[in-house]
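Colleague: I have the model open and would like to go through it with you. Could we take it piece by piece?

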Amino acid sequence: MSAQRGRHFLQIPGPTNVPDRILRAMDAPVIDHRGPEFARLTLEILEGLKRIFKISGHVVIYPASGSGAWEAAVVNALSPGDKVLMFETGQFATLWFQIAAQLGLNVDFVPGDWRHGVDPAAVEARLAEDRKHEIKAVMVVHNETSTGTVSDIAGVRQAMDRAGHPALLMVDTISSLASMDYRPDEWGVDVTVGGSQKGLMLPPGLSFNAVSDKALAASESARFPKSYWRWQEMINANKSGFFPYTPATNLLYGLREAIRMLEEEGLEQVFARHDRLAEAARRAVRAWGLELLCLNPDEYSSTVTAILMPEGHSADKLRKVILERFNMSLGTGLGRVKDRVFRIGHLGDFNELMLAGTLCGVEMGLAAAGVPYVKGGISAALDYLATAAIA
Ligand SMILES: *Cc1c(COP(=O)(O)O)cnc(C)c1O
């Protein structure tokens, strides 16, 4: 590959483009993590995170990738051999299932076609059959990053209530937090799993568990062995602004800046911006004559669009052409849809012109890679963006 100039377009659905303001905020001396300045930093961040997560309970911050927070949710809230209900919405649901199974949970993993979200009626049916209340948790991925499909978390909660079932509700929001509407307190979510490198606009390296009082109470009798991940120890230390072990200081500087940026824009405006850019991306895809992987318009993701290749064409070859010719990275097809699908990430620090550039790269790539498509995707997107109402 020859030397490339200009800014690289990182249009994978996470890690996302880190804004300069956050990079600058992180470029600061490390401070004493047992000193007073650090305590002020922690307390400001924890208060801010509660507003971002929309939770009155506790937010626990781990120096770990999102997978660490998946494991933390399991080992804190549950016990070995517990029965849990999970749904195969795509690759990320499958990975969380594998962690749960490897840890020793008894998982009812309901198969799916990777083109739909969780069906609340299926949740209700399974829970209604479980008269002895053996199922201890329903575990769902809110935004399935591998397919660009959203599950209706409020609907899942209503299904659990209709079945009169006391299971915990645990939700992965790693690719929807701070980009799409999500209300754990209102929807009765007990554990929310989040990560730093997507809607929060930070580099990879931090992840979160937002914990309800019910989940915290359940953790008192949960029997998985744990030490590093233990919520209670973290929550106790956090009360005075400290951590039980050395925190990722400079990522926390970045997190403080990210919270400020999200609140300057306003969370509802952040969500509306993502909705608008996602709709424009889908209009381009349709005009190109290509097919979205997500089949249900009510379940379209506002952070990532997964696009099926025409029969006989390789998604990875297209991505390679686009990377080499136009200096843009797109998301690869994962697991079952490898090489069949490519994904456009449109989340985080992202705007109209960045989307326009992204779509131009895709359209030029389709032509350069010899993929059949209809011209006009770009103008379909631009026409929409030019007239779409700004919240
Ligand atoms: C990115 C992502 C993860 C994985 O997070 P890592 O930081 O790679 O461990 C989990 N779930 C979803 C929905 C994601 O988008």
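Colleague: Leaving aside neighbours within four places in sequence, which residues is Val 171 in contact with?

Modeller: Bear in mind that this is a predicted model. Leaving aside the neighbours within four places in sequence, Val 171 is in contact with Trp 96, Val 140, His 142, Ile 153, Tyr 182, Val 189, Val 191, Thr 192 and Val 193. Val 171 itself lies in strand 8.

Colleague: Is Val 171 buried or exposed?

Modeller: Val 171 counts as buried because its relative accessibility is 0%, and the cut-off for buried is under 20%.

Colleague: And where is Thr 173 found, and what does it touch?

Modeller: Thr 173 is found in the loop between strand 8, residues 168-172, and helix 7, residues 184-187. Not counting residues up to four places away in sequence, Thr 173 touches His 142, Tyr 182, Thr 192, Val 193 and Gly 194. Thr 173 also counts as buried, since its relative accessibility is 0%.

Colleague: Switching to the ligand, which residues around it come nearest?

Modeller: There are 13 residues around the ligand, and of these Ser 67, Thr 145, Asp 172, Gln 197 and Lys 198 come nearest. By class, the shell has four nonpolar, seven polar and two charged residues.

Colleague: Which element gives the largest share of that shell?

Modeller: That is helix 3, residues 66-77, which contributes three residues.

Colleague: Now helix 13, how many residues does it have and how far does it reach?

Modeller: Helix 13 runs over residues 352-368, which is 17 residues, and from its first C-alpha to its last it reaches 24 Å, close to the 24 Å expected at 1.5 Å a residue.

Colleague: What about its two ends?

Modeller: At the start of helix 13, a side-chain oxygen of Asn 351 reaches to within 3.2 Å of the backbone nitrogen of Leu 353. After the helix comes Gly 370, which has a positive phi near 70°.

Colleague: Which residues of helix 13 are buried, and what covers them?

Modeller: The buried residues are Leu 355, Ala 356, Thr 358, Leu 359, Gly 361, Val 362, Glu 363, Gly 365 and Leu 366. Their cover includes strand 1, helix 11, helix 12, strand 13, strand 14 and helix 14.

Colleague: Take strand 14, then. What does Phe 342 touch?

Modeller: Phe 342 lies in strand 14, and among the residues it touches, not counting those up to four places away in sequence, are Ile 307, Met 309, Leu 318, Leu 330 and Val 362. Of these, Val 362 is one of the buried residues of helix 13. Phe 342 counts as buried because its relative accessibility is 0%.

Colleague: Last topic, backbone geometry. Which residues does the cis peptide bond join?

Modeller: The cis peptide bond joins Gly 14 and Pro 15, with omega about -5°, and Pro 15 has its place in the loop between strand 1 and helix 1.

Colleague: What are the phi values of Lys 54 and Trp 114?

Modeller: Lys 54 has a positive phi of about 55° although it is not a glycine, and Trp 114, also a residue other than glycine, has a positive phi near 65°. Lys 54 is found in the loop between helix 2 and strand 2, while Trp 114 lies in the loop between strand 4 and helix 5.

Colleague: How does the relative accessible area of each come out?

Modeller: Lys 54 is partly exposed at 26%, whereas Trp 114 is buried at 4%.

How values were computed
Residues are numbered from 1 along each chain as its sequence is written. This is a predicted model: local features need pLDDT of at least 70, side-chain atom pairs count only at pLDDT 80 or more; totals for chains, interfaces and linings use all residues. Side-chain values use heavy atoms; hydrogens and water are left out. Helices (H or I, at least four residues) and strands (E, at least two) are DSSP runs, numbered from the N terminus. Buried means under 20% relative accessible area, exposed over 50%, partly exposed in between (1.4 Å probe, protein chains only). Contact means heavy atoms within 4.5 Å. The expected span of a helix is 1.5 Å times one less than its number of residues. A polar contact is a pair of N or O atoms within 3.5 Å; within protein, one must be able to donate a hydrogen and the other to accept it, and residues adjacent in sequence count only if both atoms are side-chain atoms. A residue is near a molecule or strand if one of its heavy atoms lies within 4 Å of it. Ala, Val, Leu, Ile, Met, Phe, Trp, Tyr, Cys and Pro count as nonpolar, Asp, Glu, Lys and Arg as charged, and the others, Gly among them, as polar.
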